[in-house]
Amino acid sequence: TREHRFAAVDLGASSGRVIVGEVAPDRLDLHEAHRFPNHPTRVLGTLHWDILSLHQGVLNGLKAAAVHTGATLTSVGIDTWAVDYGLLAADGTLLANPVHYRDTRTDGAAERVALTPRALYSATGIQRLPFNTLYQLIAAQGTSALAAAHRLLLIPDLISYWLTGELGTELTNASTTQLIDPRTRGWATPVAEAAGIDLSLFPPLRHPGDPAGTLRQDVLAETGLTRALPVTAVGSHDTASAVVGVPATTPDFAYIATGTWSLAGLELDAPVLTEESRAANFTNELGVDGTVRYLRNIMGLWMLQECVRTWDTEHTHTGGTGSTGLTALLQAAARATPLRSVVDAGDPAFIAPHHMPDRIADACRRTGQPAPRTPAETTRCVLDSLALAHRRAIEDATRLSGRTVSAVHIVGGGVHNALLCQLTADACGLPVIAGPAEAAALGNVLVQARAAGAITGGLPELRALLHSTQPLRQYEPTGDHSAWDRAAARLGDPPVTGAAT
Ligand code: LFR
């Protein structure tokens, strides 16, 4: 047949999934083989990923994919969130359970780097976020696990190792360590030296599309896959795969990859390493096919997820945790007063879990705005704040890169949130094209499909296939645009909290 089938393993902060993509030059169908929850676990005060349970979810998903396809898969690709890692002993044993990037062990670590923020930015182009791998490694200095470590594997590389026995460091995700030079796309050795980090912990770099081994015998036995199936390196940072999955038809587009985070920005062919860019806290993560993902991290739907979790434990929000409860909440938010109060959704103060409704209310009071009183008002505040942060990120990205934008693509889970999509169109004053929701899995599948020769072309051709096969919805800007300017002014535009001075 002309069709090839690929399994995309896509692990996110709240769930993991294994998705089968069926690809031909004019066809692209997705089938969700398996979805499983991701429950981070606090142990002795430290927040960890439950990595073995996630790995079991991957195995169960590959098994479901084998059943779905009659074991006719061509390859497997893996993408996950960024920055986190596992440490291996010389014999390959995992030395410690990976720590969650939302753990507070990195508090103050950025101040311990023997380089000025300016020097660090011009060498790496990475925005200052407390959880960058660089800061995690500084925080881990002196621990017995790091002292004993022979290898460090980023999460997708760790899963890939467990599936194949092969070691590698995929480049797009490696760029989020803050130890890669975006000009050379190789290691930033002077940064590692200044921070006392041993770069030989990282196995050799590999690039999206590179072969990454074949499934081990024990994995074949457990999953019912029958032949030595290749694993292909993809944009293993989920955001890199999601940007491949943007169905743009013109070069002048902005994207917002939504989910737990909103990652808003532009695709560039060279990094922007200026002082203005650093002050605006923009990052230059590396993308597929030599691109740069020039974007800002915005808190995203995490703020709402955490609010709902709090209300559920307090029984405040009687709608329940299910999708009907969420639908009712969003309908009530749509009726709430627009732009009554907004918060800075780029503020790292919202990274840690717990007490989200109170933290939002406090932030409103601090900026002289009414604190939201009900779940509907709080939800409206979060969505208005996200839309405003989307607009600021896109405005800043165009200004700092000298590019123009004619449309905004929203991909990822936020595509299902029609209110967020409409508010983003209104705030940006630009059409929003929403979809696909599974952009990361699609980008993962497309890079595998190209490596296997099932399709050809560069990112524009891959995106044209998405555009012609995936359901998309367009939102036109409505309302009084100046209301957004006034709301932005209440936050004291333009300082972005978290940007180092
Ligand atoms: C999104 C994401 C972001 C990254 C954050 C932490 O899932 O990968 O791009 O900044 O998670 O890893």
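L388, R391 and R392 in helix 14 meet W484, A487 and A488 in helix 18 (contact: C-beta atoms, placed from the backbone, within 7 Å). By class, this contact has four nonpolar, no polar and two charged residues. This is a predicted model: local features need pLDDT of at least 70, side-chain atom pairs count only at pLDDT 80 or more, and totals for chains, interfaces and linings use all residues. Residues are numbered from 1 along each chain as its sequence is written.

**Helix 14 and helix 18**
- The axes, lines fitted to C-alpha atoms over the stretch in contact, come within 11 Å and cross at roughly 90°.
- Helix 14 and helix 18 (residues 481–490) are therefore roughly perpendicular (65 to 115 degrees).

**Helix 13 and helix 14**
- Helix 13 (residues 356–366) packs on helix 14 (residues 375–401) at about 70°, with axes 11 Å apart.
- This pair, therefore, is also roughly perpendicular.
- P357, I360 and C364 in helix 13 meet T378, C381 and V382 in helix 14.
- The contact has five nonpolar, one polar and no charged residues.

**Annotated domain**
- An unreviewed UniProt entry places "domain: Carbohydrate kinase FGGY N-terminal" at residues 8–245; such annotations may be inferred rather than shown by experiment.
- Over residues 8–245 the chain is 32% helix and 26% strand (DSSP runs: helices H or I, at least four residues; strands E, at least two).
- The end C-alpha atoms of this stretch are 13 Å apart.

Terms used. Axes fitted to C-alpha atoms, helices over the stretch in contact; angles between N-to-C directions. Parallel < 35°, antiparallel > 145°, perpendicular 65-115°, else oblique. Contact = placed C-beta atoms within 7 Å. Nonpolar A, V, L, I, M, F, W, Y, C, P; charged D, E, K, R; others polar.
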